Structures are given as structure tokens and as C-alpha cells.
Amino acid sequence: MKRWKKRAAIIGGGVAAIGIAAALVLNALNSNIALYVTPSEVAAGKAPQGQAFRIGGLVKAGSLKRDNLTVHFIVTDLVQDIPVAYTGILPDLFKEGKGAVVQGRLGADGSFTASEVLAKHDENYMPPEAKHALDQAQKNKGTEKP
Amino acid sequence: MIPELGHFSLILALFVALALGVLSVAGGQQGRGDWMALARPGAQALWLLTAFSFGCLIYAFYTNDFSVAYVAEHSNSKLPGIYRIAGVWGGHEGSLLLWLMMLSSWMLAVSIFSRQLPDAMVSRVLGILGLVAVGFLLFMLVTSNPFLRLSEIPADGRDLNPLLQDPGLVIHPPMLYMGYVGMAVPFAFAIAALLNGRLDAAWARWSRPWATAAWIFLTLGIALGSWWAYYELGWGGWWFWDPVENASFLPWLVGTALIHSLAVTEKRGLFRNWTIVLAITAFSLSLLGTFLVRSGVLTSVHAFASDPRRGVFILLFLSVVVGGSLTLFALRASKVRSGGAFALVSRETLLLVNNVLLATAAATVLLGTLYPLIVDALNLGKLSVGPPYFNSVFVPIMVPVLLFMVIGSYARWKNDSVAELAKKLRPVAILSVLLGCGATLLAGAWSTLVALALTLVFWIVLGSLLQIYRQFKDTVNWRSTPLSFWGMHVAHIGIAVCVVGITMVKGYETEKDVRMAVGDTVLVGGYTFRLTGIHEAAGPNYNADVGDVELSRDGRVLRTLHLEKRTYFSSTMPMTEAAIDTNLVRDVYVSLGERLEGGANPAWAMRVYHKPFVVWIWGGCLLMALGGTMAALDRRYRRRAAASAGAVAAKGAVA
């Protein structure tokens, strides 16, 4: 095989490989990203429609209700409450009054059906996304008041 | 007193490492024998000082010295002895000390097992490793000293995170760190070769066993971590594409590319620049991984703010290592000429293709891991990249890797023909498709993905077996087969075994969340689980609810499984201890959720799994590590300097 032919084949192959990889990556990123949304943003209708997203916040104390394996609870940023339903086993570190992150979709009635509940680390740990939601809510409260 | 001695020993170590780094590199560059002579004793002294310091921290943990802040944070007087020792690497400061301990151990190993290397090379390598140690020592002493005392001594410690109180944790971090840090050795060899300006086959041969050794530890460390997550986190997953896992997987992917690229550089003198880049990348990713995981950057970029000095130091150190080595590479790369040509169809090309694919895989994983951080840092919002991203990108890249892996091991160096390869591999290909599809039909419901994966499995296994058979039949004296030949095939079969586990679990696992009261049964994967009782039991530092589940199949009782929900005294944190029944072809896995109802007959949430072939995942990793060990022990790496120099000269003459 001629030298330039070989070069061309290698370069062509490389470009094709990079192109395919890039297409895969972009496509996968596009469909598999979950945005973090705060409870206030959900209440304001800013949550993505028809797409899974995550809500961070506190599990409202006293809001946990069980119905067999389905649990209902409220995720709050202390300004807005979002009711959440989840079927399955909650993680060990899930507790009322503590931070948690839920991933799922918003129903037509404004309730959130979670496919995943995340509560990680130790009991004093606040997920940064939950903390972000609380801070955000506090800030908005401060600006609205005067 | 003891912690102060440990601290002092670290300070001494800093000076030794500094002297070692500067003098050995300079000595190697200028050919000064008196400075080069310092390299080996210097590395050994550094090891002694680090080991002493490490011993002091273990002592502080073992004797419950809560006046030391780090001990008070990560231990507790009720903690069993073995976990008190494991607690040493349960937090940020101690794991840095473990890092340093591993680094100096690798240096000790280089200083001992490098008799066949020229003094100047050993001197440069140890010097560069010494400079890396300087960076870490500074980082520890300035920002993360494990020996800091508290002015008010607490009555008891805060306890080790219960998740980490497990035999797996005792060995997982040391293994993983051994692998991470081990990547520093091929990195040092690469930098030393760049400084020297001679990137030849001898350099590749010297650094090959070290790269392989680091890769073995990394493989074992990742496997242990995955196994630990499987049985300890209690929810049956074995890989979550969690940033922390990715951080260890990235250097593994690049390390895998590196050991194959080194093979080409050693055998054919090709791909030298590529090998250097891989060596630099593997180590940089190890550094990035350690830092990302341990600095808390991964949970949030803003964790930098909790101790800005750490974050800044990390970025500085990373940029010095990456920037410095890439600059050196840029200066020297033009002088590196790749000798020898190779045809489009040849073992070189196939190895290069797989190398590029592995590097691409690493790049996509890196992108997915860092993407949320970048978006957050640019204030574009918060998001998470989930496992579906990684699965949908990683799997398609791995399919051609598995395909070319076999062709590469059949192809001849320099030049081969498609027709000839096809002739050799056609029976293997036909048989693997038949067996792969057949096995899928036998295993359960038809799935094209499973069939594809199992076909690739047979492709690898049959490909290797055929080559082994040929080796027996066609070689006059098969006993003289080099150990590395066996190593390669064992490791490749290990990949196949691992793929079997992943495929079968992904394709055919059953998972059920159920509400169970005493006496209830549930049927999963042909097995009947009956909850026979739930009682309370006390452990050394926790209380537990223990459930007894009777496992039976076709009316025959197999055994009773004990699953626990523990509550640790110190943190009141609940912990799920799953009960697992393992055999070669399946695991059944039961874990206890929360109590749903109290009363006379309380009901509990339970999760029951049937996971076919799941142990093959880790079995495959063990085989890979075994194969790596065989390859690294090959006799040719231990030949004396004179002999190998002669061989190189002879090779050069032939070329």
C-alpha cells in the first residue's frame, strides 16, 4: 500500500472514530442530564416538562406517610413545599428534617413521582444541592420582603 | 509525644525528599557519581521516615489518643481494634499519609529491584519520585497535618463512618492507592527518559514491569471497591458510575492503554511519543482522582471554599506536574523519532486502534465526571450526569475493543494480510457467534445485546484457547514459552469472564421490593424466601434488628440468611447489612429496609435480588490481575544490564 494511502486511511479512521464518539457523547449527554431544580422553582413552573429532573431540599418534618411500599413526603426549601411519592425502599440516611435529593418527573397535578431518592454521607451532611435550594429560597425571601 | 515525633519525622522526610529530588536529578543529568550514589540510600531513608510517621499515626489511633484532632474525628474508643487501624485512612489527612507511604514504598522497591539499570537512570527516576513526594509532603504539612493536637481533649472520638467499618475497607484503600501511586513509577521513567533524551526499547523494557505492577494493584483495588459497594451499601449495585469510582477507573483505562503501548515500544520501538503521553496522563489522572475524591470538590465545587488553601494547593500541584511534564515533552518530542514502518494491517495498527479507543473511553468518562463541575463553576446551573450517559457511551466503545483485542493477538508484527487473518479466525468467529447465540437462548429470554456480549466472550476465550493450543502443538519446546504469553491470555480471558458477569447481571437479574411480616414468603428467580423471625441483637458498638430468612428451592430448604439493620451508638446512623448467598452461577441477595408497621407482627420492607453470575465480575478482575502478575514476572525483565544492553545493541544492528 502506498504511503499516502495509509496515511489517508489512518487519518480518515481517526476522524470517523472521533466523530462517532462525539456524536455518542453529545447524544448521551443530551438525554441523560438531570437538572437540579429548587422547590421554589418547581412551584414557579420553571421545572422541565416531560423530562426527569432533581429536586434538592429538606424532608419536611412530620410529612412522611407510608402506604405499603409507597411513601409520600414533602421536600421543602422552607418557602415552597413539593409533595413527593416514591415506591420502594428509602436509603438508610433518609430522615425527616434532613436534606435529601429526589430524581423523577412532575405529574400533571403538580405532584412529583420520584424514581430515585438520594441521601448520602453521614447524618449531619447536607447535600450541596439541598443547601443551595435553601440558600436560594432565603435570598429570594430577603429581596421580596422590602 | 508520639504524635509530635510523627510530625517531626514528616518534616525530616520533606528535607530528605527535597535533597533526593534535586541532587539525584541533577546528578543524573550531569553524570556526577557522588550525587547519583545518594539516590538509593535517600529513597530508603525517605521510606523509613514515612513508615515511622505512619506508625506514629497508627499508634495514636490504636491507643485512642483523642488529643489528636484527626483521631478524634475518625475514631472512637468502642471501635474494634482492626477498624481503629483502618481508621487511619478513613479521612483526608490520613489518606494523604497513606498515599505518601505507598509512594515511598514504590521508591523503596525501585531502589532495590533496579540493579540491572544504569545508575543515571535510577538516579533520575528516584529523584523525580522524590520531587513528587516533596509536593505531597508540603501539601500535608501546610494544609492537612494529621498530627495536629486539640486544645480541648474530647472524652471520646466522633467515630469512623459506619459504612467504612468493614473488612473491605481495611484492604481496599491501600490496594487502590498502591495502584494510583504506582502510576508515578512509569511516569518517572517517562520523565527520566525525556530528560535523558533517549527513548529506546531498553527504557520501555525497564518501565514495563512497573506499569504492569501498578495496573495490577489498580485492578484489584477497583474490584475490591466494587465488591465492597455490592455487599456493604446493601442495595446490590456493583458499579454506580459515581465520580469517586470514575476517578479510579480513569487511570485504569489509560493504564491499560499504557501497558499495551509499552509493549509496542519495547518490541518495535514505535509509538514512543504516544507511550510518553499515556504515562504522563495516567499519573495525572491518578493525581486528579486522589485530589478530586479527597478534597470534596466532587460533591460540590464550592467545597473549595471550606478550605480554600487545599483547593488552591491542589490546582497548583496539578498544574506543575501536568504543565511541567507536558512542557518537557513538547521540548523533547521533536527529537524522538519513531523507528520502523508498519503496514496498515499489522499488530501495531490493531494495538494502536485499541489504544485510541481506550483513550477515547477515558475521555468520555472524564467528560461525564467533570461536566457537572464545569457547568457549576461557570454558574450555568446545577445538574447531574447519571449512569445512563456512561452506559450509552462506554459500552459502544468497548465492543470494538473486545473485537480487535483478539485480532491484535493473532496479527503479526509489521505486516499481515486480511486474507490470512480471516483464514485463521474464521472458525473462531463462526463458533463464537453460534455459541454466543446458543448460550443466550439457554440463559433466558432472547436479547440481542446479551447475544452480542456473549459472542464477544466466546470470541475472546476461543481465540485465546486456540492460540494456546497452537503454542503446544507447533512449538518444538513449548516449555520455553515465556511467562508473558500465559499472562496475556489469562488476562484476556479475565476480561471475558468479567463481561459474562456484567452481561448476565444486566440482562437477567431480578429485583423485588416487598413488604414482609413474619411468616410471609416471596418467590424470586426460582427461590422462595420466607421471613421466619426478626429479633434484636447487640454488637460491639451498635444495636441491630436481625431478620432470619429461610431460603428454599423446590420445597427444599437450602439455608437461613441473616440480614441486619444496624444502628451505631455514636452516630445513631442506620446501616444495612445485606445477607448474600453466593455460588458460582448466581447470588441471592436480601436486605432489610425500614420497619413499615409496628405491633404484634411487625412488617418490614425488604429487597430481594437474584443475580446470575455476579461473582464472575470480580473473578474476572482477579484473573486480569493474575495475568498481569505473570506478565510482570517474565524472565526477560530480570536480565542483567550487560546482557540486555548487548541484546539492544544486537537488535539495533539488525534494524
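Me: How many residues of chain A are in contact with chain B, and how many residues of chain B take part?

Reply: In this predicted model, 28 residues of chain A are in contact with 36 residues of chain B. On the side of chain A that touches chain B, the elements that give two or more residues are α1 (3-32), β1 (33-37) and α3 (128-144) of chain A, and the largest share, nine residues, comes from α1(A).

Me: How do the residues on that side of chain A divide into nonpolar, polar and charged?

Reply: The size of an interface is often given as the accessible area lost when the parts come together. Here the description rests on residues instead: the side of chain A that touches chain B has 17 nonpolar, four polar and seven charged residues.

Me: Which strand of chain B is joined to β1(A), and how do the two run?

Reply: The partner is strand β1 (residues 383-385) of chain B, which runs antiparallel to β1(A) and is joined to it by three bridges. Within this pairing, A:Ala34 stands opposite B:Ser384 in β1(B).

Me: Within chain A, which strands are joined to β6(A)?

Reply: Strand β6 (residues 99-106) of chain A is joined by six bridges to strand β2 (residues 53-59) of chain A, the two running antiparallel, and A:Ile55 stands opposite A:Val102 in β6(A). Six bridges also join β6(A) to strand β7 (residues 112-118) of chain A, again antiparallel, with A:Leu118 in β7(A) as the bridge partner of A:Val101. The hairpin of β6(A) and β7(A) has five residues between the strands, and in it A:Gly110 takes a positive phi near 85°.

Me: Turning to chain B, what does its secondary structure come to, and why is the chain described as compact as a globular protein of its length?

Reply: Chain B has 20 helices and ten strands. Its radius of gyration is 27 Å, close to the 26 Å that the globule rule gives for 655 residues, and therefore chain B is as compact as a globular protein of that length. The C-alpha trace of chain B spans about 85 × 70 × 55 Å along its principal axes, and 51% of the 655 residues count as buried.

Me: Which residues touch the most other members of the largest nonpolar core?

Reply: Of the 223 residues in this core, they are B:Leu103, B:Ala184 and B:Ile460. Helix α10 (residues 201-232) of chain B gives the most to the core, with 19 residues. Leaving aside residues up to four places away in sequence, B:Leu103 touches B:Leu129, B:Val132, B:Ala133, B:Phe136, B:Val181 and B:Ala184. Another core, of 19 residues, lies apart from the largest one and has B:Ile534, B:Ala579, B:Val590 and B:Tyr609 among its members.

Note on methods:
Residues numbered from 1 in each chain as written. Chains lettered and ligands numbered in written order. Predicted model: local features only at pLDDT ≥ 70, side-chain atom pairs only at ≥ 80, totals over all residues. Helix = DSSP H or I, 4+ residues; strand = E, 2+ residues; numbered from the N terminus. Rg over C-alpha atoms; globule rule 2.2 N^0.38 Å. Buried ≥ 20, exposed ≤ 12 C-beta atoms within 10 Å, placed from the backbone. Core = buried A, V, L, I, M, F, W, Y, C linked by C-beta atoms within 7 Å. Contact = placed C-beta atoms within 7 Å. Nonpolar A, V, L, I, M, F, W, Y, C, P; charged D, E, K, R; others polar. Pairing = 2+ DSSP bridges.
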